[in-house]
There are 2 protein chains.
Amino acid sequence: MSGIAVACCQARLAFGDPAGNRAALDRLLREAARRGARIVVLPELAASGYRFADRDEAWQLAEPLDGPTVTGWHAVAADEDVIVVGGLCERAGGELHNSAVLVDAGGVRAVYRKAHLWDGESLTFGAGDAAPPVVDTVFGRVAVVICYDLEFPEWIRLPALAGAQLLCAPVNWPSTPRPARERPAEVVRVQADAAVNRMFIAACDRVGAERGTDWIGGSVIVDPDGWPLAGPLSAPAAGCILADCRLEDARDKRTGPHNDVHADRRPGLYRAILETGTATAAS
Amino acid sequence: MSGIAVACCQARLAFGDPAGNRAALDRLLREAARRGARIVVLPELAASGYRFADRDEAWQLAEPLDGPTVTGWHAVAADEDVIVVGGLCERAGGELHNSAVLVDAGGVRAVYRKAHLWDGESLTFGAGDAAPPVVDTVFGRVAVVICYDLEFPEWIRLPALAGAQLLCAPVNWPSTPRPARERPAEVVRVQADAAVNRMFIAACDRVGAERGTDWIGGSVIVDPDGWPLAGPLSAPAAGCILADCRLEDARDKRTGPHNDVHADRRPGLYRAILETGTATAAS
């Protein structure tokens with residue numbers, strides 16, 4: 001029994017060159033499709049780049065959902081009959097969002113606006129207030145989050161409980177020190193996010209440097225046990241990673257005759273995680 | 001600046017030999033103390049063993065909180081001026097619990113009853129209904145959970161939000177297949193639990209076999225970045241692992257000038273994780 005091929009197009013992007021970046025992403029998307037991918041994930045803020053000097057610069061590089069970036073992804077989705085999930089610097093009225101879209105041959109199926117903003121993003125973007133979308137596709141239920149969202153397990157639970165079989169995450173993971181022989185910490189968290197929910201996760205990162213930030217190139221596709229099926233590459237480079245994913249497997253949350261990772265939750269006891277602030281110690 | 005030594009005593013235990021197990025645990029506890037440990041974690045169901053044939057057998061091996069196991073740990077805690085966290089098969093009235101205690105020189109400071117029951121445990125034990133205790137000790141705030149609890153990030157958030165700097169987890173991790181060169185999946189989840197909360201976690205496992213189950217021997221002590229400071233051993237064996245933990249570091253949840261792993265949470269958006277059952281897809 002085989003599944004479908006999921007791909008991450010780990011691009012090398014140039015800050016402030018949306019036309020060039022769109023062309024590079026288009027080539028990678030079509031390469032992934034040619035290699036058999038049916039669902040393709042692209043990085044966060046893929047056309048614009050990430051390291052805006054200020055909001056004005058982000059504004060100049062932003063575009064609406066009917067701008068050239070999403071229109072181009074729709075064209076590839078229609079040409080190649082693939083689903084594309086990618087991140088963009090979205091201009092919506094007078095607001096900017098760090099957004100991601102899920103696009104298929106029929107057009108934009110979902111827009112997600114990053115709810116957990118990292119580093120200086122809060123100076124540029126309005127945070128999203130809507131839960132990660134979960135889209136019924138021909139391949140199964142596919143959800144979308146962005147980068148730092150992955151570090152909030154409560155947030156990842158929402159699409160998982162809504163039946164997501166594959167979570168797609170455009171990311172830009174900046175390099176930070178780590179012990180020798182360790183995977184990027186971001187990958188470890190993705191492995192845990194997948195395993196505690198028994199769903200697939202495809203996180204698509206970037207490579208290269210941008211205004212002093214080195215991107216890890218840690219793109220990874222993990223299975224419902226949390227094991228990487230593809231990536232992270234030991235020598236990160238631009239290109240596509242692909243993995244065969246039996247999305248049907250993610251519908252089964254059982255881990256044994258007595259256990260189910262969702263049914264075993266005890267939501268009646270979790271109320272305090274909705275409180276803000278830090279409680280006092282119990283004794 | 002150095003911290004305090006935290007230890008996990010990864011024991012080789014014999015099912016149904018509580019006196020022998022207590023003696024083995026006592027030796028390991030005193031060894032850890034001699035090597036400088038100030039907080040020592042022992043396995044889950046440490047004196048009784050884990051693989052009960054039925055509830056009656058568990059009942060025979062259970063003991064109350066003033067039984068010989070906890071009394072013995074109190075004696076070591078007083079002799080050696082250490083904090084002991086260990087798991088026991090607790091008899092409370094007519095009920096059995098998979099429990100853990102935190103004991104210091106003054107006596108039992110906290111009792112925790114496992115809330116998420118694994119495998120056949122639900123046939124034997126009553127599940128706990130109280131949040132993980134967080135105890136103010138002379139070294140900082142120390143919390144307690146047990147084994148499968150670690151796979152529920154909502155549950156781990158509770159003590160973390162209550163200020164736990166070190167989470168102690170008695171565990172019995174059964175061996176399951178995993179890809180070559182991968183750590184046990186349980187360890188990966190502990191790494192993520194620690195990192196998303198920026199706290200230390202010490203999980204103490206067992207080695208050896210018991211009625212057809214091989215225990216991993218995956219004891220690990222991880223830091224607030226999620227990196228192992230000690231363990232898991234590549235060749236698991238009985239003995240103590242120790243790590244110097246600057247518990248003060250776990251009070252700082254910042255990861256940069258704009259970010260704080262707890263303050264960046266958006267609890268107002270998490271309400272749906274308290275709902276039971278599976279929602280329908282968004283579109």
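**Notes on a two-chain model**

1. Let's start with a strand pair in chain A. β6(A) and strand β7 (residues 140–144) of chain A run antiparallel and are joined by four bridges. Within this pair, A:Val135 sits opposite A:Val142 of β7(A). Keep in mind while reading that this is a predicted model.

2. Zoom out and that pair turns out to belong to something wider. In chain A, six strands make an open sheet with mixed pairing, in the order β6-β7-β8-β9-β12-β13. At the edges are β6 and β13 (228–230) of chain A, each of which pairs on one side only. On average, and ignoring direction, neighbouring strands of this sheet are turned by 25° against each other.

3. Strand β6 (residues 134–137) of chain B runs antiparallel to β7(B), with four bridges between them. The two form a hairpin, with two residues between β6(B) and β7(B). One bridge to look for: B:Thr137 has B:Gly140 in β7(B) as its partner.

4. β7(B) has another partner as well. Three bridges link β7(B) to strand β8 (residues 166–170) of chain B, and here the strands run parallel. B:Val142 has B:Leu166 in β8(B) as its bridge partner. Is strand β7 of chain B buried or exposed? Five of its five residues (140–144) are buried, so the strand is largely enclosed by the rest of the structure.

5. The largest nonpolar core has 205 residues, and A:Leu166 and B:Leu166 touch the most other members. Setting aside neighbours within four places in sequence, the contacts of B:Leu166 include B:Val6, B:Ile39, B:Gly140, B:Val142, B:Phe200 and B:Leu247. As background, nonpolar side chains tend to be buried together in soluble globular proteins.

6. Now for how the chains relate.

7. Finally, the contact between the chains. Chain A puts in 57 residues and chain B puts in 57 residues. On the chain A side, β5 (107–113), β6 (134–137), α5 (153–161) and α6 (185–197) each supply at least two residues. By type, the chain A side divides into 29 nonpolar, 12 polar and 16 charged residues. Since 100% of the interface residues of chain A are also interface residues in chain B, the copies meet through the same surface.

Technical notes
Residues numbered from 1 in each chain as written. Chains lettered and ligands numbered in written order. Predicted model: local features only at pLDDT ≥ 70, side-chain atom pairs only at ≥ 80, totals over all residues. Contact = placed C-beta atoms within 7 Å. Nonpolar A, V, L, I, M, F, W, Y, C, P; charged D, E, K, R; others polar. Pairing = 2+ DSSP bridges. Axes fitted to C-alpha atoms, helices over the stretch in contact; angles between N-to-C directions. Core = buried A, V, L, I, M, F, W, Y, C linked by C-beta atoms within 7 Å. Buried ≥ 20, exposed ≤ 12 C-beta atoms within 10 Å, placed from the backbone.
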